[in-house]
Amino acid sequence: FKQKTAYEISTRDWSSDVCSSDLSPAKKALVAKVIALQQPGIESMARQLAEQPAMQVLQQAGMAMQRVPADKRDALIKDIQGDIRRYADEATPIVRDQAVKIAPQTIGPLLEKEFTEDELKQIVAILESPVNKKLQGLVGQIQRTLGERVVTESRGAVEPKVNAMRQSVQKRLEAALAPAPSAPASAPAKK
């Protein structure tokens with residue numbers, strides 16, 4: 001089984017797309033090429049979409065974990081991590097394949113409308129340029145370096161706010177989980 005690229009899918013889908021029937025074959029090919037060159041970004045966006053529910057579940061589990069006895073936490077954490085990993089292994093390919101499949105129908109019309117054939121040629125040239133490829137190869141390092149510096153520089157101002165938020169949330173959870181106080185027993189009425 002071979003996964004089709006956005007270029008292969010978009011080339012096939014373009015011929016049957018009613019909206020693009022008035023486009024020149026050259027413009028159709030350029031739009032398909034731009035989409036194909038953007039496939040890594042499309043797949044990354046799809047991976048992030050697939051991971052969002054897992055991150056939400058992890059946050060909720062983290063809050064609930066405080067109520068789990070300490071001797072059971074490690075095993076529970078491993079089990080939850082396994083569930084999250086299984087979900088990601090199953091859901092990410094589904095979302096990625098769907099994103100690649102529908103990219104031509106969603107991105108294609110936008111590119112057709114907003115760019116001339118000459119502009120699409122320029123976009124392809126930029127995306128294929130060795131300088132752009134070199135820059136894209138550094139994006140992870142750039143983000144990591146900037147992220148580390150931002151954390152270092154803002155830690156002193158943000159950390160107290162994070163701690164205050166955690167304490168506030170913990171107090172609210174504890175109050176919500178505390179058993180309701182029982183009504184004091186009333187003294188027998190005097191006659």
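Predicted model: local features only at pLDDT ≥ 70, side-chain atom pairs only at ≥ 80, totals over all residues.
1. **Overall fold.** The protein has six helices and zero strands. Along the sequence the pattern reads α-α-α-α-α-α. Of contacts between residues at least 6 apart in sequence, 77% join residues at least 24 apart.

2. **Burial and surface.** The protein has 191 residues, and buried ones make up 20% of them.

3. **H2 against H3.** Helix H2 covers residues 25-37 and helix H3 covers residues 39-65. Their axes come within 4 Å and cross at roughly 50°. H2 is therefore oblique to H3. From H2, the contact takes in Ile 35, Ala 36 and Leu 37. From H3, Gln 39, Pro 40 and Ile 42 meet them. By class, this contact has five nonpolar residues, one polar residue and no charged residues.

4. **The largest nonpolar core.** This core has 13 residues. The members that touch the most other members are Val 31, Val 34, Ile 35, Ile 42, Leu 111 and Leu 120. In soluble globular proteins, nonpolar side chains tend to be buried together.

5. **Val 34 in that core.** Which residues does Val 34 contact, leaving aside its neighbours within four places in sequence? They are Leu 111, Leu 120, Ile 123, Val 124 and Leu 127. Two of these, Leu 111 and Leu 120, are listed with Val 34 among the core members that touch the most others.

6. **A second core.** A separate core holds six residues. Among them are Ala 61, Met 65, Val 68 and Ile 84.

7. **Val 95 on H4.** Val 95 lies in helix H4. Is this residue buried, partly exposed or exposed? Its relative accessible area is 27%, so Val 95 counts as partly exposed; the cut-off for buried is under 20%. Leaving out residues up to four places away in sequence, Val 95 touches Ala 46, Leu 49 and Ala 50. Val 95 and Ala 50 are 45 residues apart along the chain, yet their C-alpha atoms are separated by 6.3 Å.

Terms used:
Residues numbered from 1 in each chain as written. Heavy atoms only, no water. Axes fitted to C-alpha atoms, helices over the stretch in contact; angles between N-to-C directions. Helix = DSSP H or I, 4+ residues; strand = E, 2+ residues; numbered from the N terminus. Parallel < 35°, antiparallel > 145°, perpendicular 65-115°, else oblique. Contact = heavy atoms within 4.5 Å. Nonpolar A, V, L, I, M, F, W, Y, C, P; charged D, E, K, R; others polar. Core = buried A, V, L, I, M, F, W, Y, C linked by side-chain atoms within 4.5 Å. Buried < 20%, exposed > 50% of the residue type's maximum accessible area, 1.4 Å probe, protein only.
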